Amino acid sequence: MSRTEIKPDKSKIRLDKLIQDGDRFADKSTYEKRLDALQTELLHIQQTYWHEKRRAVLVFEGWDAAGKGGAIRRITEPLDPRGFHVWPIGAPKQEEIGQHYLWRFWQRLPGPGTFAIFDRSWYGRVLVERIQEFAKPKEWKRAYDEINEFERLLVDDGVRIVKLFFHITQEEQLDRFRERLTNPYKRWKLTEEDLRNRVHWDDYVGAAEEMFDKTSTVAAPWHAIAANSKWHARIASLEIITQALRRDVNIAPPPVDPAVLDAAAEMLGIHFSGRKEA
């Protein structure tokens with residue numbers, strides 16, 4: 001079988017072009033109704049992936065305090081916990097230092113029938129490692145091709161990849177930092193690194209947009225989400241994920257194993273004709 005072509009996605013993502021004004025939901029009940037419908041659909045998709053041994057990788061990138069964690073909670077809330085794993089990605093551990101930067105992600109790829117959800121990812125190579133100079137220019141510059149090849153390997157092996165970037169404005173981030181600092185139950189979320197990253201805002205914008213240009217491919221495109229509204233960001237992420245994961249996938253329930261029907265009739269006295277009890 002021929003390999004997937006690394007073909008650039010033609011959409012050109014520019015973060016300042018995202019529309020942040022307003023909210024698509026008139027009230028909380030409207031938001032919750034849409035959220036419930038999408039969560040139910042995602043559960044059905046997960047069940048299909050489980051039965052058919054399909055695999056998916058969900059990548060979450062974006063600004064500090066952009067709402068990635070809140071979106072991940074809404075995505076995983078209805079799912080069977082046996083069928084997914086969330087990987088929060090920070091600095092490499094001691095045993096990972098000295099390995100190729102993709103090595104630790106190979107260890108976290110999904111098994112048959114499961115989702116792997118990355119709260120930050122291998123894209124740190126061309127974002128934080130680039131801006132904070134943890135990687136040398138020759139290292140992060142070659143990473144674009146390495147990442148495209150890595151993702152092509154996954155796609156060729158049947159893995160569905162969904163990549164999301166949560167974008168908020170500087171003003172919104174400042175408000176969220178202030179909230180975290182003044183809320184005793186959220187202070188743990190704010191780190192010195194978050195504040196240091198904010199100083200390099202313009203550098204991160206440039207790095208993110210170059211990342212989109214060089215790694216948004218037809219097989220694994222980037223999706224930028226306007227995340228000033230948390231409700232909008234959560235719904236948008238669920239819509240993108242459900243649409244991507246169900247493409248060319250029949251999510252109808254699998255037929256009942258005839259052996260189970262026979263056993264139910266013999267052992268329990270329960271008889272079914274088709275889908276209806278006789």
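1. Start with what helix α8 packs against. Its buried residues (buried means under 20% relative accessible area, exposed over 50%, partly exposed in between, with a 1.4 Å probe and protein chains only) pack against α4 (128-131), α5 (137-156), β4 (159-167), α6 (170-182), α7 (192-199) and β5 (222-226). Those buried residues are Trp201, Tyr204, Val205, Ala207, Ala208, Glu209, Met211, Phe212 and Thr215. Helices (H or I, at least four residues) and strands (E, at least two) are DSSP runs, numbered from the N terminus.

2. A word on the model before going on. This is a predicted model, where local features need pLDDT of at least 70, side-chain atom pairs count only at pLDDT 80 or more, and totals for chains, interfaces and linings use all residues. Residues are numbered from 1 along each chain as its sequence is written, and side-chain values use heavy atoms, with hydrogens and water left out.

3. How far apart are the end C-alpha atoms of α8? They are 21 Å apart, which agrees with the 21 Å that the 15 residues of α8 (residues 201-215) should span at 1.5 Å a residue. The expected span here is 1.5 Å times one less than the number of residues.

4. Now α5 with α8. Their axes (lines fitted to C-alpha atoms, for helices over the stretch in contact, with angles from 0 to 180 degrees between N-to-C directions) come within 10 Å and cross at roughly 50°. That is why α5 and α8 count as oblique to each other; angles under 35 degrees are roughly parallel, over 145 roughly antiparallel, 65 to 115 roughly perpendicular, and the rest oblique. Tyr144, Ile147, Asn148 and Glu151 of α5 meet Glu210, Met211, Lys214 and Thr215 of α8, where contact means heavy atoms within 4.5 Å. By class, this contact has 3 nonpolar, 2 polar and 3 charged residues. Ala, Val, Leu, Ile, Met, Phe, Trp, Tyr, Cys and Pro count as nonpolar, Asp, Glu, Lys and Arg as charged, and the others, Gly among them, as polar.

5. For α6 and α7, the axes come within 12 Å and cross at roughly 160°. That makes α6 roughly antiparallel to α7. On the α6 side the contact uses Gln170, Gln173, Leu174 and Phe177, and on the α7 side Asp194, Leu195 and Arg198. These divide into 3 nonpolar, 2 polar and 2 charged residues.

6. Helix α2 (residues 68-76) packs on helix α9 (residues 230-246) at about 50°, with axes 9 Å apart. The pair is therefore oblique. Gly70, Ala71, Arg74 and Ile75 of α2 meet Arg234, Ser237, Leu238 and Ile241 of α9, giving 4 nonpolar, 2 polar and 2 charged residues.

7. Is Ile225 buried or exposed? Ile225, in strand β5, is buried, with a relative accessible area of 2%. Leaving aside neighbours within four places in sequence, the contacts of Ile225 include Leu164, Phe166, Ala233, Ser237 and Ile240.

8. Two loop residues deserve a look. Most residues other than glycine have a negative phi. Ala65, in the loop between β1 (55-62) and α2, has a positive phi near 70° and is buried, at 8% relative accessible area. Arg120, in the loop between β3 (115-119) and α4, has a positive phi near 80° and is partly exposed, at 24%.
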